[in-house]
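Try each one before you read its solution.

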Amino acid sequence: MDGVKKCVVGYTGGFQDEVTYQNIADYTEALLVEFDPTVVSYPEILKVWKEQASPYPCKTQYRTALWYLNEEQKEVAEKFLSTMSGAKHVDLEPATQFFMAEEYHQNFIAKQTAGYRR
């Protein structure tokens with residue numbers, strides 16, 4: 001996507017000092033998206049996310065969530081979620097520390113010989 005500089009798979013939303021896939025505990029698997037707001041807007045990023053999200057009731061590791069960095073992002077996300085089907089199953093929280101996932105999780109689908117793409 002134009003304007004997206006980097007996407008990193010990892011873990012966030014928890015409170016431990018260190019986290020890995022083996023000790024994920026209260027963290028959630030997440031995608032950190034670094035983007036240039038002069039090229040692509042936060043609402044545009046959310047629209048693409050919505051096309052790929054499948055919110056359903058679940059907690060911790062596989063829950064559907066959005067993390068915001070500031071009050072402006074929070075307000076945009078709240079407005080966006082108010083128009084989204086299934087939004088009651090999306091957690092909206094302030095960003096916490098982010099731990100990069102192990103290398104084998106990065107670009108996971110592309111690494112699978114029988115992987116599928118949406």
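Let's start with a term: a salt bridge is a side-chain nitrogen of Lys or Arg within 4 Å of a carboxyl oxygen of Asp or Glu. The model is predicted, so local features need pLDDT of at least 70 and side-chain atom pairs count only at pLDDT 80 or more, while totals for chains, interfaces and linings use all residues. Residues are numbered from 1 along each chain as its sequence is written, and side-chain values use heavy atoms, with hydrogens and water left out.

**Exercise 1.** Find the salt-bridge partner of E93, then work out which residues join into one network.

*Solution.* Step one: E93 forms a salt bridge with R63, with 2.7 Å between the closest N and O atoms. E93 sits in strand β4 and R63 in the loop between α1 and β3, so this pair ties together parts that are 30 residues apart in sequence. (Helices, H or I with at least four residues, and strands, E with at least two, are DSSP runs numbered from the N terminus.)

Step two: R63 also forms a salt bridge with D91, at 2.8 Å between the closest N and O atoms. D91 is in strand β4 (residues 90–94), 28 residues from R63.

Step three: check the cover. Buried means under 20% relative accessible area, exposed over 50%, and partly exposed in between (1.4 Å probe, protein chains only). R63 counts as buried because its relative accessibility is 11%, and D91 is buried at 17%. E93, at 22%, counts as partly exposed. Shared partners join R63, D91 and E93 into one network.

**Exercise 2.** Which side chain meets E34 in a salt bridge, and which strands hold the pair?

*Solution.* Step one: the partner is K6, at 3.8 Å, N to O. Step two: E34 lies in strand β2 and K6 in strand β1, so the pair ties together parts that are 28 residues apart in sequence. Step three: E34 is partly exposed at 36% relative accessibility, and K6 is too, at 42%.

**Exercise 3.** In what order do the strands of the open sheet lie?

*Solution.* Step one: the order is β2-β1-β5, 3 strands with antiparallel pairing. Two strands pair if DSSP finds at least two bridges between them. Step two: β2 (28–35) and β5 (99–100) are the edge strands, each pairing on one side only. Step three: strand β1 (residues 4–12) is joined to β2 by 8 bridges. In β2, L32 is the bridge partner of V8.
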